[in-house]
Amino acid sequence: MGLVDNLMAKVSNFAQQHEGKVDRGLEKAAKMIDDKTKGKYSGKIDTGTGKAKHAMERIAHRDTGPAASGQTPPGGSPPPAS
């Protein structure tokens, strides 16, 4: 296992353990920024927050993938029945 693979495994493990905390932190930061900008950039903040959450979810579940967890990937459809 190379250095990058080892680092990604550690990041993935951290993301799995703290996924809820990171999501709450993203929400808190988004609300603070939205308040500071008086709602002027609400749409862009919501878009960025959603993308950050999606990236976090991909990192957290990169080893297991949606098929292993039995969940449908975000924005995707369930796999066809055999």
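The legends below describe close-up views of a predicted model of one protein chain.

Figure 1. The protein chain holds four helices and zero strands. Read from the N terminus, its elements follow the order α-α-α-α. Of its 82 residues, 11% count as buried. Among the contacts between residues at least 6 apart in sequence, 62% join residues at least 24 apart.

**Figure 2. Helix 2 and the residue lysine 38.** Helix 2 covers residues 19-36, which makes 18 residues. From its first C-alpha to its last it reaches 26 Å, close to the 26 Å expected at 1.5 Å a residue. Helix 2 is followed by lysine 38, which is placed in the loop between helix 2 and helix 3. Most residues other than glycine have a negative phi. With a relative accessibility of 76%, lysine 38 counts as exposed, because the cut-off for exposed is over 50%.

**Figure 3. Helix 2 packed against helix 3.** Two packed helices are described by the angle between their axes and the distance between the axes. For helix 2 and helix 3 the angle is about 165 degrees, and the axes are 10 Å apart. An angle over 145 degrees counts as roughly antiparallel, and helix 2 and helix 3 are therefore roughly antiparallel to each other. Helix 2 passes helix 3 in a right-handed crossing. On the side of helix 2, the contact is made by Glu19, Val22, Asp23, Leu26, Glu27, Ala30, Ile33 and Asp34. On the side of helix 3, the contact is made by Ser42, Ile45, Thr49, Ala52, Lys53, Met56, Glu57 and Ala60. These contact residues divide into eight nonpolar, two polar and six charged. An α-helix has 3.6 residues a turn, so residues three or four places apart point the same way.

**Figure 4. Threonine 49, a residue of helix 3.** Threonine 49 has its place in helix 3. Is threonine 49 buried or exposed? Its relative accessibility is 11%, and because buried means under 20%, threonine 49 counts as buried. Not counting residues up to four places away in sequence, threonine 49 touches Leu26, Glu27 and Ala30. Leu26, Glu27 and Ala30 are among the residues that helix 2 brings to its contact with helix 3.

**Figure 5. Helix 1 crossing helix 3.** Helix 1 spans residues 3-17 and helix 3 spans residues 42-60. Their axes come within 7 Å and cross at roughly 115 degrees. Helix 1 and helix 3 are therefore roughly perpendicular to each other. Helix 1 passes helix 3 in a left-handed crossing. Helix 1 supplies Val11, Ser12, Ala15 and Gln16 to the contact, and helix 3 supplies Met56, Ile59 and Ala60. The residues of this contact divide into five nonpolar, two polar and no charged.

Figure 6. Alanine 60 lies in helix 3. It has a relative accessible area of 0% and is therefore buried. Which residues does alanine 60 touch, not counting those up to four places away in sequence? They are Ser12, Ala15, Gln16 and Glu19. Alanine 60 takes part in the contact of helix 1 with helix 3, and also in the contact of helix 2 with helix 3. Histidine 18 lies in the loop between helix 1 and helix 2. At 23% relative accessibility, histidine 18 counts as partly exposed. Histidine 18 and alanine 60 are 42 residues apart in sequence, and their C-alpha atoms are 9.0 Å apart in space.

Figure 7. Arginine 62 is found in the loop between helix 3 and helix 4, the latter formed by residues 65-69. Its relative accessibility is 39%, and arginine 62 therefore counts as partly exposed. Where sequence neighbours up to four places away are not counted, arginine 62 touches Asp5, Met8, Ala9 and Ser12. Arginine 62 and serine 12 are 50 residues apart in sequence. In space, the distance between them is 7.0 Å, C-alpha to C-alpha. Ser12 is also one of the residues touched by alanine 60.

Technical notes. Residues numbered from 1 in each chain as written. Predicted model: local features only at pLDDT ≥ 70, side-chain atom pairs only at ≥ 80, totals over all residues. Heavy atoms only, no water. Helix = DSSP H or I, 4+ residues; strand = E, 2+ residues; numbered from the N terminus. Expected span 1.5 Å × (residues − 1). Axes fitted to C-alpha atoms, helices over the stretch in contact; angles between N-to-C directions. Parallel < 35°, antiparallel > 145°, perpendicular 65-115°, else oblique. Left-handed = near helix turned anticlockwise from the far one by under 90°. Contact = heavy atoms within 4.5 Å. Nonpolar A, V, L, I, M, F, W, Y, C, P; charged D, E, K, R; others polar. Buried < 20%, exposed > 50% of the residue type's maximum accessible area, 1.4 Å probe, protein only.
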